[in-house]
Amino acid sequence: MRFARSYLVITCTLVVLVGLSTDISAAGDTLGLPEGSLEGEVHGYAELRAGCRTRNDPHEKDASVMEARLQLELPASNAWLDVKYKGDVWLDGVTEQVEYDTRELWFFVRPLDFLDLKIGRQVLSWGTGDLVFLNDLFPKDWRSFFIGRDDEYLKAPSDALKLGIFTDVADVDVVYTPRFDPDRYITGTYVSYWNDRLKRRAGRDAIVSAVRPERWFADYEVAVRLFKAIRGSEVAAYAYRGFWKTPANRTGEGAATFPRLNVYGASVRGGIGSGIGNIEFAWYQSVDNESGCNILARNSEMRYLVGYAREIGKDFNGALQYYVEQLLDYGPYRKTLNGVSGRDEFRHVITVQLTKLLMKQNLKLSLSGYYSPSDNDAYIRPNIHYRYSDRISLEAGANIFVGDHPGTFFSQFRNNTNIYTAVRYSF
Amino acid sequence: MLKKTMVVISVMGILAGAGFAGEEPGTVSVDEIVKKSNHMALYQGTDAKGKVGMVITDKQGRTRKREFTMLRRDDGGSDADQKYFVFFVEPADVRKMVFMVHKHAAPGKEDDRWLYLPGLDLVKRIAAGDKRTSFAGSDFLYEDISGRSITEDAHELIRTTEAHHVLKNVPRHPETVEFAYYLAYIDKKSFMPVKMEFFKKPDRLYRVIEVQKLENIKAVENGRAVTYPTVTKTVARDLDTGSRTEMVFSHVNYNMGLKEKLFSERYLRRAPREATR
């Protein structure tokens, strides 16, 4: 009851804020601001989102997602500076708390003709994969993705400095994160998972605790991209120094850790026929486990991706990707398992994405699927999105996890299979 | 409505004559009309910038709005390849989304297209698509905005009226388009296409695009003051669905000296000052 009342309060607050912000943005147009001062706007959305599990999960609540959310976006700029704040506040029915997240808070300048500088909390992406990431080591938010929040939330922000240097030879991006930003990985709070120690699926009964490297300037991350567009094709090389983004602990004793990681890779993307082809690889060098014998750290890996996307009909697009993870030093890895069934040497994943627009592009039907023939599991994401008006949109979808072995990547989430729906008012 | 449009056009045509070296009507060949009208519609100036506002009204009278800023730059002066930026402002759910096109005019060569999604900081490469699909959910098609290549159709001058050359355009590859042919009304003075009527077989009119306002925009070309007759208001009507879209083009600027390197990933991720000022 108390919860229902809070819900009402939040919803009313949203309505008031929406009204208020519309006024502010309207006023901004007419204010004769002096030169050099920042001119700002207010945007964002208010959203109600609810979803439930369709399978019985003894370790989680029936509600997979239940939230009333307000996102405010305050961009401002003058002749030489861009500033942006974007933050979310939401009443979370799963944690039964009011939650807050600063998604962006950054300053951007272009001090020299060949230099871009962005400092602060920001969302970062690069690489060629579609919902598959090889050289993009920026933090992801898998739990938001799995419970059916908007796709935007798959990317978690970084507190970083991004430097772009643009030359005739190539462009160089350097991202320096002074303190390690891990993924928002599966902890058991929202999504149940396979627990190695308990040898079963677990959730809120066994919340993952991990020791995060968190010394400023000592536990830093650096990611570099060299980029060049050559006659309609985009060629890139990447390097990363930091940590595995999700914790690992094969012993199951004590807390999980984030072992050190270096990544080197490259990608090419360009037009092939009437479609777009992409190819990317990455070498994950697990610095703390170069021999493959260290049971506390993950093995090194090679990751390969090849993909093709094209239009297959009117307002109908399809994309197909083939992704392989190869565990290096597999022999030594097998020996450390002591008879426990571990990972395969190769994990193969095929991804499919289909998007169809109807009703003058106001109705979007989409289907994303991941299928692993080696793990014999799958993850399917159907979604329907309808723009009722320029401001109001309605959405419904599902996250379906399929598989027989409880320990494989997608199969471990089987009990989290959920359906959800949302209504959003944008301003 | 047509009468009013013609009046506007003929008035504008006279004004346009000052900046455009028009030729005596009747002496031009079909090829010249096609080339000149293609130039007028898409290639005036070496670059251009403007704000586009669209109001889409369906049969029931419900409206949706689109707003974006466009930047355009021609590669060379041969009325062929171009580069475009589209910076979306409205509706709210696509705000700050950016669309970049490297248009290739050569037959059979697909445009390169990119989309930047700011929420994910994601640069997406878009597969070349059917150009006869709606642009941003409006009654304008992608090809109406980027321009239909003149090599795609066979052109025939079917009549000449007081104000217009009327061209019949029959697609060379009918299987790639939804129309059987279209008539283009080219203003005799300015060579601006001011009306297009699309027909399905046998002779059923189902789609009309009509210029409602032409304005002379002052610009500087090679140090010389010129005026470019510019379409500032157009209406596209789908007679089958009863839907119509009004497109208003404002804040138009020509020959700003936009550099080619502007149309790259750097500025796709973060818009150039030229777009936001």
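K360(A) and D139(B) form a salt bridge in this predicted model, with 2.5 Å between the closest N and O atoms; a salt bridge here is a side-chain nitrogen of Lys or Arg within 4 Å of a carboxyl oxygen of Asp or Glu. Across the interface of chain A and chain B, eleven such salt bridges are found by this rule. Strand 5 of chain A (residues 97–112) contributes the most to the side of chain A that touches chain B, namely four residues; strands (E, at least two residues) and helices (H or I, at least four) are DSSP runs numbered from the N terminus. Sorted by class, that side of chain A holds 22 charged, 18 nonpolar and 15 polar residues. In this scheme Asp, Glu, Lys and Arg are charged, Ala, Val, Leu, Ile, Met, Phe, Trp, Tyr, Cys and Pro are nonpolar, and the others, Gly among them, are polar.

Residues are numbered from 1 along each chain as its sequence is written, with chains lettered from A and ligands numbered from 1 in the order in which they are written. Because this is a predicted model, local features need pLDDT of at least 70 and side-chain atom pairs count only at pLDDT 80 or more, while totals for chains, interfaces and linings use all residues; side-chain values use heavy atoms, with hydrogens and water left out.

How much area is buried between chain A and chain B? The value is about 3800 Å², and carbon and sulfur atoms give 39% of it; buried area is the accessible area (1.4 Å probe) that two parts lose on being put together, summed over both. R110(A), K360(A) and D390(A) supply 18% of the area that chain A buries against chain B, more than any other three residues. In terms of contact (heavy atoms within 4.5 Å), 55 residues of chain A meet 42 residues of chain B.

The side chains of R212(A) and D181(A) meet in one of them, at 3.8 Å from N to O. R212(A) sits in the loop between strand 11 (210–211) and strand 12 (221–230) of chain A, and D181(A) in the loop between strand 8 (171–177) and strand 9 (193–195), so the pair ties together parts that are 31 residues apart in sequence. R212(A) counts as partly exposed, at 27% relative accessibility, whereas D181(A) counts as buried at 9%. Buried means under 20% relative accessible area, exposed over 50%, and partly exposed in between (1.4 Å probe, protein chains only).

R215(A) and D219(A) also pair, with 2.9 Å from N to O; here R215(A) is exposed at 54% relative accessibility, while D219(A) is buried at 6%. In the salt bridge of K140(A) with D136(A), the closest N and O atoms are 3.5 Å apart, and both residues are buried. A network of salt bridges links E73(A), K84(A), K86(A), D101(A), R103(A), E104(A), E152(A), R184(A) and R95(B).

Chain B, for its part, contains five helices and 13 strands. Of its 277 residues, 52% count as buried.
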